[in-house]
Amino acid sequence: IDLKINGVRMNICAGGCQAAFDTGTSLLAGPARYMRQLSKALAVPSDCKNSTGLPTLSFLLAGLLPAKAAQLLDGDGDA
């Protein structure tokens, strides 16, 4: 996994690393050293006043992430 900011690779995980993505949340979390790098590169102030001018953040994943439709349903059968 790696990240791109405005199309430029960050090379955060040069030696390779693993990640878990939770599409049910808007939070972004990770090891402190990586999050500090990301926070510095994005330059987001604590009040988020520059949210409309933030760069594009892209996640680069190695390989395919297959999922069966049944895995995307919650317990009552709804997506």
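Figure 1. Helices (H or I, at least four residues) and strands (E, at least two) are DSSP runs numbered from the N terminus. The model is predicted: local features require pLDDT of at least 70 and side-chain atom pairs pLDDT 80 or more, whereas totals for chains, interfaces and linings use all residues. Residues are numbered from 1 along each chain as its sequence is written, and side-chain values use heavy atoms, with hydrogens and water left out. The pLDDT, the predictor's confidence in each residue from 0 to 100, averages 77 over the protein chain, and 80% of the residues score at least 70. Among the elements, strand β2 (residues 8-9) has the highest mean pLDDT (87) and β3 the lowest (83). Where pLDDT is low, the predicted coordinates should not be read in detail. The accessible surface comes to about 6500 Å², of which 55% belongs to carbon and sulfur atoms; such areas come from the Shrake-Rupley method with a 1.4 Å probe, and for residues only the protein chains shown count as cover.

**Figure 2. The largest nonpolar core.** A nonpolar core is a set of buried Ala, Val, Leu, Ile, Met, Phe, Trp, Tyr and Cys residues joined through side-chain atoms within 4.5 Å. The largest one has 7 residues, namely L3, I5, I12, C13, Y34, L38 and L42. Both β1 (2-5) and α1 supply at least two residues each to this core, and the largest share, 3 residues, comes from α1. Of the 79 residues in the protein chain, 10% count as buried, a class defined by under 20% relative accessible area, with exposed meaning over 50% and partly exposed lying in between (1.4 Å probe, protein chains only).

**Figure 3. Surroundings of I12.** I12 lies in the loop between β2 and α1. Because its relative accessible area is 12%, I12 counts as buried. Beyond residues up to four places away in sequence, I12 touches D2, L3, Y34 and Q37, where contact means heavy atoms within 4.5 Å.

**Figure 4. The salt bridge between D2 and R9.** A search of the whole structure finds 1 salt bridge, a term requiring a side-chain nitrogen of Lys or Arg within 4 Å of a carboxyl oxygen of Asp or Glu. D2 pairs with R9, and their closest N and O atoms are 3.1 Å apart. D2 is buried because its relative accessibility is 4%, whereas R9, at 47%, is partly exposed.

**Figure 5. P55 and its contacts.** P55 occupies the loop between α1 (32-42) and β3 (57-60). Its relative accessibility is 24%, so P55 counts as partly exposed. Leaving aside neighbours within four places in sequence, P55 is in contact with I5, N6 and L42. P55 and N6 are 49 residues apart in sequence, yet their C-alpha atoms are 5.6 Å apart in space. With residues up to four places away not counted, L42 touches I5, L54 and P55.

**Figure 6. A nonpolar surface patch.** F21, L28, F59 and L61 form this patch, which has about 360 Å² of accessible area together. L61 is found in the segment after β3 and is partly exposed, at 41% relative accessibility.

Terms used: Patch = residues over 30% accessible without salt bridge, like charges linked within 9 Å, V, L, I, M, F, W, Y side chains within 5 Å.
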